[in-house]
Amino acid sequence: MNTQMGKIVVNNEVIAQYAGSVAVECFGIVGMAGVSVKDGLVKLLKRDSITRGISVTISKNKLILDFHVIVAYGVSILAVADNLISSVKYKVEEFTGIEIEKINIYIDGVRVID
């Protein structure tokens, strides 16, 4: 972003970290998913590596976010996805000042929560 005082650059990793922390706070989200290319297995990522489950792309000064998540067993996937989209859209736009064009959610697994 260019301002009258200079240029502001926000690293994609920072946006991914913030979006991931917002996402894991949403009801029904167990965590971010990491897919092993070697064997195709999906694993739950630890809190310090949640950015691997998120892809951030900036196109025409708008954000495109891809989330790979694991949801809780027994919850409505549609309700969880709607909640995730609205929370992330509001908080990330407020945090970065950049409009979100699209949020894609990939459900890579389901986990039973104790």
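Biologist: Let's jump in: which residues of H2 are the buried ones?
Modeller: One caution before that: this is a predicted model, where local features need pLDDT of at least 70 and side-chain atom pairs pLDDT 80 or more, while totals for chains, interfaces and linings use all residues. Residues are numbered from 1 along each chain as its sequence is written, and side-chain values use heavy atoms, with hydrogens and water left out. Buried means under 20% relative accessible area, exposed over 50% and partly exposed in between, with a 1.4 Å probe and protein chains only. By that rule, the buried residues of H2 are Val80, Ala81, Leu84, Ser87, Val88, Val92 and Thr96.

Biologist: Seen down the axis of H2, within what arc do its buried residues fall?
Modeller: An α-helix has 3.6 residues a turn, so residues three or four places apart point the same way. The arc here is taken from the directions from the helix axis to the C-beta atoms. The buried residues of H2 line one face of the helix, because they fall within an arc of 145 degrees.

Biologist: And which exposed residues sit on the face of H2 turned away from the buried side?
Modeller: H2 covers residues 77-96, with helices (H or I, at least four residues) and strands (E, at least two) being DSSP runs numbered from the N terminus. The face turned away from its buried side carries Leu78, Tyr90 and Glu94.

Biologist: How far does H2 reach from its first C-alpha to its last?
Modeller: The expected span is 1.5 Å times one less than the number of residues. With 20 residues, H2 is expected to span 28 Å. The model comes close to that, at 27 Å.

Biologist: Take Leu84 in H2. Which residues does it touch, leaving out those up to four places away in sequence?
Modeller: Leu84 is buried, with a relative accessible area of 1%. Contact means heavy atoms within 4.5 Å. On that count, Leu84 touches Ala23, Cys26, Ile29, Phe67, Val69 and Ile105.

Biologist: How many residues apart in sequence are the parts that the aromatic pair ties together?
Modeller: Rings of Phe, Tyr and Trp (its six-membered ring) pair if their centres lie within 6.5 Å; planes under 30 degrees apart count as stacked, over 60 as edge-to-face and the rest as tilted. That rule gives one aromatic pair: Tyr18 and Phe95 are stacked, 4.1 Å centre to centre with 15 degrees between the planes. Tyr18 lies in helix H1 (residues 12-24) and Phe95 in helix H2, so the parts they tie together are 77 residues apart.

Biologist: On to the strands. Which residue in E6 is the bridge partner of Ser55?
Modeller: Two strands pair if DSSP finds at least two bridges between them. Strand E5 (residues 54-59) and strand E6 (residues 62-72) run antiparallel and are joined by six bridges. They form a hairpin with two residues between them, and Lys60 in the turn has a positive phi of about 55 degrees. In E6, Val56 has Leu65 as its bridge partner, while Ser55 has Asp66.

Biologist: Stepping back, in what order do the elements of the protein chain run from the N terminus on?
Modeller: The protein chain has two helices and seven strands. From the N terminus on, the elements run β-β-α-β-β-β-β-α-β.
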